[in-house]
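Subject: Structure for your review

Dear colleague,

Please find below the structure that I am handing over to you. My notes on it follow directly after.

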Amino acid sequence: MEPSIRYTKSSDGTSIAFWSMGDGPALVVTPATPFTHVQLEWEIPESRAWLEAMGAGRRLVRYDARGFGMSDRTAADFTLAAHCADLDAVVGALGLDRFALYATGDSAMAAITYAATRPERVSHLVIWCGWARRTDVS
C-alpha cells in the first residue's frame with residue numbers, strides 16, 4: 001500500500017510534506033538532503049524495500065526537508081533551528097509524544113540537536129553516516 005502524503009506547517013509557515021504508515025512504536029526517519037522526495041523514493045524498488053523493512057512492526061514516518069522534494073521549495077531559512085522546527089511540526093501533526101529518531105548525513109545535526117533539547121520525546125537516536133558539526137566532515 002502506497003503511503004498517503006500529508007502536509008503540515010512549520011513554525012515559520014513553511015509547508016512540510018510527510019507520510020506515516022504502520023502500527024507500533026514510531027520511528028521517524030529524517031530527510032537526507034538533498035536526496036529527499038517522499039513520493040518518488042517510494043517508487044524506487046530498492047528504496048521502498050528498505051522503507052518497508054524499517055517499518056516492520058513500527059509506525060514509520062518520513063518527511064521531506066524544507067526546500068526539497070514535496071515540501072515548500074521557496075523556503076529561505078535553512079538553519080539548524082528551522083530543521084528542528086520542521087521535525088517538531090511533523091511529530092506534532094501526528095500527535096507523537098515519544099518516538100525513535102533515525103538520521104543520516106546532514107540530517108544528523110538536527111536529530112542530535114532535537115534529541116538533546118527534547119530528551120523526553122526521543123526514545124532512541126540512531127545516526128548512520130552522520131555528523132554532529134559541519135566541521136566534522138572532511
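Helix H3 covers residues 80-93, and its 14 residues should span 20 Å at 1.5 Å a residue, which agrees with the 20 Å between its end C-alpha atoms. The expected span is taken as 1.5 Å times one less than the number of residues in the helix. Helices (H or I, at least four residues) and strands (E, at least two) are DSSP runs, numbered from the N terminus. This is a predicted model, in which local features need pLDDT of at least 70 and side-chain atom pairs count only at pLDDT 80 or more, while totals for chains, interfaces and linings use all residues. Residues are numbered from 1 along each chain as its sequence is written, and side-chain values use heavy atoms, with hydrogens and water left out.

The buried residues of H3 are Ala82, Cys84, Ala85, Asp86, Leu87, Ala89, Val90 and Val91. Here, buried means under 20% relative accessible area, exposed means over 50%, and partly exposed lies in between (1.4 Å probe, protein chains only). The elements that cover these residues include the strands S1 (6-9), S2 (15-21), S3 (26-29), S4 (59-63) and S5, together with helix H4; contact means heavy atoms within 4.5 Å. After H3 comes glycine 95, which has a positive phi, near 70°.

Salt bridges

The whole structure contains 6 salt bridges, each defined as a side-chain nitrogen of Lys or Arg within 4 Å of a carboxyl oxygen of Asp or Glu.

- Aspartate 86 pairs with arginine 66, with 2.7 Å between the closest N and O atoms. The pair links distant parts of the chain, since aspartate 86 is in helix H3 and arginine 66 is in the loop between S4 and H3, 20 residues apart. Aspartate 86 is buried at 2% relative accessibility, and arginine 66 is buried at 0%. Asp12, Arg66 and Asp86 are linked in a network of salt bridges.
- Aspartate 88 pairs with arginine 121, the closest N and O atoms being 3.1 Å apart. Because aspartate 88 lies in helix H3 and arginine 121 in the loop between H4 and strand S6 (122-130), this pair ties together parts that are 33 residues apart in sequence. Aspartate 88 is partly exposed at 23% relative accessibility, whereas arginine 121 is buried at 13%.
- Glutamate 52 pairs with arginine 48, with 3.2 Å between the closest N and O atoms. These two residues are 4 residues apart in helix H2 (residues 45-55), which means that about one helical turn separates them. Glutamate 52 is partly exposed at 41%, as is arginine 48 at 29%.

Aromatic pairs and cysteines

A search of the whole structure finds 3 aromatic pairs. In one, the rings of phenylalanine 99 and tyrosine 114 have centres 6.1 Å apart and planes at 40°, so the pair is tilted. The pair links strand S5 (residues 99-105), which holds phenylalanine 99, to helix H4 (residues 107-117), which holds tyrosine 114, 15 residues away. Both phenylalanine 99 and tyrosine 114 are buried. Rings of Phe, Tyr and Trp (its six-membered ring) pair if their centres lie within 6.5 Å; planes under 30 degrees apart count as stacked, over 60 as edge-to-face and the rest as tilted.

The structure holds 0 disulfides, a disulfide being a pair of cysteine sulfur atoms within 2.5 Å. Cysteine 84 is buried at 11% relative accessibility, whereas cysteine 129 is exposed at 52%.

Two loop residues

Threonine 30 sits in the loop between S3 and helix H1 (40-43) and is buried, with a relative accessible area of 5%. Its side chain makes a polar contact with the side chain of serine 107 at 2.8 Å. A polar contact is a pair of N or O atoms within 3.5 Å; within protein, one must be able to donate a hydrogen and the other to accept it, and residues adjacent in sequence count only if both atoms are side-chain atoms.

Arginine 98, in the loop between H3 and S5, is partly exposed at 46% relative accessibility. The side chain of arginine 98 reaches the backbone oxygen of glutamate 120 at 2.8 Å, and one of its polar atoms lies 3.3 Å from the backbone oxygen of proline 119.

With kind regards
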